[in-house]
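Trainee: I would like to go through the labels used for this model and ask what each one rests on.
Mentor: Go ahead; we can start with a salt bridge.

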Amino acid sequence: MQETDSGQSGLIHAFVLDGSGGSRQISFGDLAGLQLAANESVWLHWDRSQRQAQDWLRVKSGLSTFACDVLLEENTRPRMLALPQEELLLFLRGVNLNPEAEPEDMVSLRVFADRQRVISLRLRPLRSTEVVIRLLTEGRGPKSASELLLYLAEAMTDRVDDLVTQLAERIDVEEERLEASERYAPEHDSMLSLRRQAASLRRFLLPQRELYGQLTRNRLSWFADDDTEYWNELSNRLIRYLEELDMVRERVNLVLESEHRRLSERMNRTMYLIAILTGFFLPLSFLTGLLGINVGGIPGAEFPYGFVVACVLIGGIALLQWWILRRMRWL
């Protein structure tokens, strides 16, 4: 499905939902005289960075100044605002799947919704809207404005599922390698990056889960009968993702702690071995140094077997040290 006059008007897509899962696409010029039947609703998807889109929103959309100001805020977090006449403002976050982008740098989708209108605004491309558009094209899409909100939220949640699964699989691989080889050392930068991604995702998913909970509790008259159940299911899914992200962070900490413990044990064994060797050779070094002094009067200097006796003495001391260290279980 091609974008509608995006370069000229800021309108990316415009669809009239027919109430049966299908839709027809309209252009920016059709908006002024658009008349909806009782079973129809309209979805307008805008690029909020375009000046023309901002002007249309403030002048021709019929939204209040407050609603326009909130929709065009520079920075937002996931939340829901209830407006008069059963209108809603929703601020959702989705996984950033754009090229050369970090997935945890989540994309914002701002939505105004009432009984027959859904106006959504984005700054960067969002794959979740493409999923909904494909379903509408196939005739299997949302039938009303309330269902459209659900479809958008569900598509964004599915992207989160994929990313959380990838993070869990990465830590699985690191744990398996750590258990399989004593010499394997996980990359600290990679582990810290994994923990940072989990923390960033959790930062946005927690308020989004609260948003879904609010929609579960605050049912509007234009919601379908089973919408509350679907919002509750999305809320439960996000709770599970949040738990998995917490588990990923804990598992990363365990991997880092395990590697730190291995390094400490390896260092302790090395220092222990060095201490044993030093203690073993210190008396022998003392005797050889003492006997090596080039002065007269050294005991046994005139005795023909003095060197042999000295060697036997040094060997006996070495055996005595070995026996003492074994008895003390240091070796």
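Mentor: The model is a predicted one. In it, the side chains of Arg58 and Asp69 meet in a salt bridge, at 2.8 Å from N to O.

Trainee: What makes the contact of Arg58 and Asp69 a salt bridge?
Mentor: The rule asks for a side-chain nitrogen of Lys or Arg within 4 Å of a carboxyl oxygen of Asp or Glu. Arg58 and Asp69 are at 2.8 Å, N to O, so the pair qualifies.

Trainee: Are Arg58 and Asp69 buried, exposed or partly exposed?
Mentor: Buried means under 20% relative accessible area and exposed means over 50%, with partly exposed in between. Arg58 has 42% relative accessibility and therefore counts as partly exposed. Asp69, with a relative accessible area of 37%, is also partly exposed.

Trainee: How many salt bridges does the rule give in total?
Mentor: The count comes to 15. One of them joins Arg117 to Asp114, with the closest N and O atoms 3.2 Å apart.

Trainee: How far apart along helix α7 are Arg240 and Glu244?
Mentor: Both lie in α7 (residues 227–291), four residues apart, about one turn of the helix. An α-helix has 3.6 residues a turn, so residues three or four places apart point the same way. The closest N and O atoms of Arg240 and Glu244 are 3.2 Å apart, and the two form a salt bridge. Arg240, at 38% relative accessibility, counts as partly exposed, and Glu244 is partly exposed with 27%.

Trainee: Which residues are linked in a network of salt bridges?
Mentor: Arg134, Glu138 and Arg140 are linked in this way.

Trainee: Back to α2. How do you know that its buried residues line one face?
Mentor: The buried residues of α2 (residues 51–59) are Ala53, Trp56 and Leu57. Seen down the helix axis, they fall within an arc of 100°, so they line one face of α2. On the other side of the helix, Arg51 and Val59 are exposed.

Trainee: What is the order of the strands in the sheet?
Mentor: The order is β2-β1-β3-β7-β6-β5-β4, in an open sheet with mixed pairing.

Trainee: Why are β2 and β4 said to stand at the edges?
Mentor: β2 (23–25) and β4 (79–83) each have a single partner strand, so one side of each is left without a neighbour in the sheet. The twist from one strand to the next averages 20°.

Trainee: What packs on the sheet?
Mentor: Helix α4 (residues 127–137) does, touching β1 (11–17), β2 and β3 (41–47). The direction of α4 makes about 145° with that of β3.

Trainee: What makes β1 and β3 a pair?
Mentor: Two strands pair if there are at least two bridges between them. β1 and β3 have six, in the antiparallel sense, so they pair. Val16 stands opposite Val42 in β3.

Trainee: How many bridges join β1 to β2?
Mentor: Three, and the two strands run antiparallel. Phe15 has Gln25 in β2 as its bridge partner. The hairpin of β1 and β2 has five residues between the strands, and Gly19 there takes a positive phi near 85°.

Trainee: How many bridges join β6 to β7?
Mentor: Five bridges join β6 (residues 107–113) to β7 (residues 117–122), and these strands run antiparallel. Val111 has Ser120 in β7 as its bridge partner.

Trainee: Why is β1 called largely enclosed?
Mentor: Seven of the seven residues of β1 are buried, so the rest of the structure largely encloses this strand. For the protein chain, 41% of the 331 residues count as buried.

Technical notes
Residues numbered from 1 in each chain as written. Predicted model: local features only at pLDDT ≥ 70, side-chain atom pairs only at ≥ 80, totals over all residues. Heavy atoms only, no water. Axes fitted to C-alpha atoms, helices over the stretch in contact; angles between N-to-C directions. Contact = heavy atoms within 4.5 Å. Buried < 20%, exposed > 50% of the residue type's maximum accessible area, 1.4 Å probe, protein only. Arc of directions from axis to C-beta.
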